[in-house]
Amino acid sequence: MSLLIRNARLLDGSLVDLLADDHRWTRIGTDLAADGATEIDAEGRLATAPLVDCHLHLDASLTAGKPRWNESGTLLEGIDVWGELKPSLTEQDVYERAREIVRWSVAQGTLFIRAHADVSGENDAMVRGLLRLRDDVAELCTVQVTAFPQDGIFQRDGDEQRLEHAIRLGVDCVGGIPHYEPTSELGLLEVHRVFDLAKQYSRRIDVHCDETDDPNSRFLEVMADDTVKHAMAGRVTASHCTAMGSYEPYYSSKLHGFLRRSGINVVVNPFANSLIQGRLDAYPKRRGFAQLKELLAAGVNVSLGNDVVMDPWYSLGRADMVEAASLALHFTYMSGREEIPEMLRCATERGARTLGVEDEYGLEEGKPADLVVYDAPNALEVLRLHPPRRWVIRRGRVVAETTPARTTLLGEPVTFSP
Ligand SMILES: [Zn+2]
């Protein structure tokens, strides 16, 4: 089974043909010929390696309004609502909701997802449901599961053991939430415990780190230090890191170099954080985002996640990484000429680095034939228009296809382009 994509525009502006044979790219060049191959003419549309969603709470997706709505819209009420719902969830319910979000994701070109399964409390349905999902959808979408202790590991008896239990069940990453522990001393202990567990079980790390507006929340430096001490460069991710939006310049510049040398990845989650951070400030209000632009300039790998889709924290969302990149672009001032395509890299190849899947990712001969073709010619137009993903290709097969809508005004077409 061969598939030939003609006239695909790459991010660097070049126009290429891509030939897939036996699930892999076998030739990438110009004017390729392939007898008997199925052909698709991309007609100059932008094509990239798949979108990568580095942070998604799949276990909570599609539960908005259950058992009640988050009336205030705050993070803390969201955690309360989730806490009320959690004991009643079943493995099958988690599986089915998460599977539906994977379908939405793939249809929009996201073929790699790092999911978080809440492992706090007695019900282990979330981690069991997501592990089953990961294995069942592997042909269509690569899912990694993080054991995420939403309530911390030192506030309730048994939660530290439950985190280890989830690791034994087979998760890919060990998670944490040090800023949510009752004291910073316990937060430090938690970070060290997460690294010890990851080392012991040979897992990656993905910690919710400093997701607060408190400028004194500085667990990120501890994570960077532990990354160096445990020689885990590239295998550790700090997610959210919104306190960084309140760090003063001197400390920030010290931190940037430290993060780069440690090889830690940072993930920005624009949807929930744009609504949650700075909320309690009087005007002027802080934006409460990690310093994405400055981190990239310092050589730190930064990528993006949807984080929340119709759940107790965020009743909106449709799991689109292009929308996530567009929103992050606005909140982090990434509007420069070269910065706009870089935002799309944060949603694609930089995400692949965060997940550690570079060996099976990229438009290169020999790599798996995964591709997304946008109904737009370049990154600027993708982030401006959020166009449909015309074709999504997984392992050399078209798995999703969208026919763009057509708008007319008084009978004349409107294209939203000059
Ligand atoms: Zn999160």
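Colleague: How are α2 and α3 oriented to each other, parallel or oblique?

Modeller: Keep in mind that this is a predicted model. The general idea is to look at the angle between the two axes: under 35 degrees counts as roughly parallel, and 65 to 115 as roughly perpendicular. Here, helix α2 (residues 91–107) and helix α3 (residues 125–136) have axes that cross at roughly 45° and come within 8 Å. So α2 and α3 are oblique to each other.

Colleague: Which residues of α2 and α3 make the contact?

Modeller: On the α2 side, look for Glu 91, Val 94, Tyr 95, Ala 98, Arg 99 and Val 102. α3 brings in Ala 125, Met 126, Arg 128, Gly 129, Leu 130, Arg 132 and Leu 133. Sorted by class, the contact of α2 with α3 has eight nonpolar, four charged and one polar residue.

Colleague: And the hand, right or left, where α2 passes α3?

Modeller: That crossing is right-handed.

Colleague: What residues make the contact of α5 and α6?

Modeller: From α5 you'll find Gly 187, Leu 188, Val 191, His 192 and Phe 195, and they meet Phe 219, Val 222, Met 223 and Asp 226 of α6. By class, the contact of α5 with α6 splits into six nonpolar residues, two polar and one charged.

How values were computed: Residues numbered from 1 in each chain as written. Predicted model: local features only at pLDDT ≥ 70, side-chain atom pairs only at ≥ 80, totals over all residues. Axes fitted to C-alpha atoms, helices over the stretch in contact; angles between N-to-C directions. Helix = DSSP H or I, 4+ residues; strand = E, 2+ residues; numbered from the N terminus. Parallel < 35°, antiparallel > 145°, perpendicular 65-115°, else oblique. Left-handed = near helix turned anticlockwise from the far one by under 90°. Contact = placed C-beta atoms within 7 Å. Nonpolar A, V, L, I, M, F, W, Y, C, P; charged D, E, K, R; others polar.
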